[in-house]
Amino acid sequence: MGAIYRREMGAFFTSGAAYVFLAVFYLVSGIFFFNGVISQSTTDTSAMFSSMFYIVIFLIPVLTMRLLSEEKKNKTDQGLLTAPIGLWEIVLGKYFAALTLFIIAESIVFVYSLILSYLGTVVWSTLLGNYFAMLFLGAAFIA
């Protein structure tokens with residue numbers, strides 16, 4: 001499973017899919033952060049997280065749709081499926097690679113919280129609760 005995980009993480013960053021995903025995620029979440037938090041002069045991030053649901057709906061397929069289709073396109077699926085590893089290890093390796101990339105993207109929230117802590121007091125329980133809820137939502141969509 002570790003070899004498949006490393007291979008998928010490398011494939012994300014060599015094909016450019018990770019860079020496109022991260023750039024679009026950061027751009028749209030920055031817009032939602034500005035419109036939902038900064039322009040309202042508040043430190044409550046609930047409005048930003050409710051808007052970020054739409055990012056997850058449209059950007060998760062960018063990560064997940066290429067996981068098995070690239071194997072078929074490159075004709076490496078037969079070699080992968082006949083390797084001395086189980087099907088669960090293949091699926092979990094690909095799943096954890098996509099989940100890792102989503103966690104990297106979702107961690108921009110902590111940069112936003114640093115900005116908010118400079119501007120006022122941050123309600124950390126609400127921020128962390130929303131962060132983990134969005135993380136679990138992304139994990140379920142990736143699955």
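**Helix packing, a salt bridge and a nonpolar patch**

Me: Where is Tyr54 found?

Reply: Tyr54 sits in helix α3 of what is a predicted model. That helix runs over residues 46-64 and gives the nonpolar patch its largest share, 4 residues.

Me: And what makes up that nonpolar surface patch?

Reply: Phe53, Tyr54, Ile57, Phe58 and Phe141 make it, with about 510 Å² of surface. To be included, a residue needs over 30% relative accessible area, and nonpolar side chains are joined within 5 Å.

Me: Why are α1 and α6 called oblique to each other?

Reply: Helix α1 (residues 2-15) and helix α6 (residues 87-106) pack at an angle of about 45°. Roughly parallel would need an angle under 35 degrees, and roughly perpendicular starts at 65, so the pair counts as oblique. Their axes are 8 Å apart, and the crossing is right-handed.

Me: Which residues of α1 meet α6?

Reply: On the α1 side they are Ile4, Tyr5, Glu8, Met9, Phe12 and Phe13. Their partners in α6 include Gly93, Lys94, Ala97 and Leu101.

Me: How do you know that Glu8 and Lys94 meet in a salt bridge?

Reply: Their side chains are 2.7 Å apart, N to O. The cut-off is a Lys or Arg side-chain nitrogen within 4 Å of an Asp or Glu carboxyl oxygen, so the pair qualifies. Glu8 is in helix α1 and Lys94 in helix α6, 86 residues apart, so this pair links distant parts of the chain.

Key: Residues are numbered from 1 along each chain as its sequence is written. This is a predicted model: local features need pLDDT of at least 70, side-chain atom pairs count only at pLDDT 80 or more; totals for chains, interfaces and linings use all residues. Side-chain values use heavy atoms; hydrogens and water are left out. Patches are made of residues with over 30% relative accessible area and no salt bridge: like charges are joined within 9 Å, nonpolar side chains (Val, Leu, Ile, Met, Phe, Trp, Tyr) within 5 Å. Accessible areas come from the Shrake-Rupley method with a 1.4 Å probe; for residues, only the protein chains shown count as cover. Helices (H or I, at least four residues) and strands (E, at least two) are DSSP runs, numbered from the N terminus. Axes are lines fitted to C-alpha atoms, for helices over the stretch in contact, and angles run from 0 to 180 degrees between N-to-C directions. Angles under 35 degrees count as roughly parallel, over 145 as roughly antiparallel, 65 to 115 as roughly perpendicular and the rest as oblique. A crossing is left-handed if the near helix is turned anticlockwise from the far one by less than a right angle, and right-handed if clockwise. Contact means heavy atoms within 4.5 Å.
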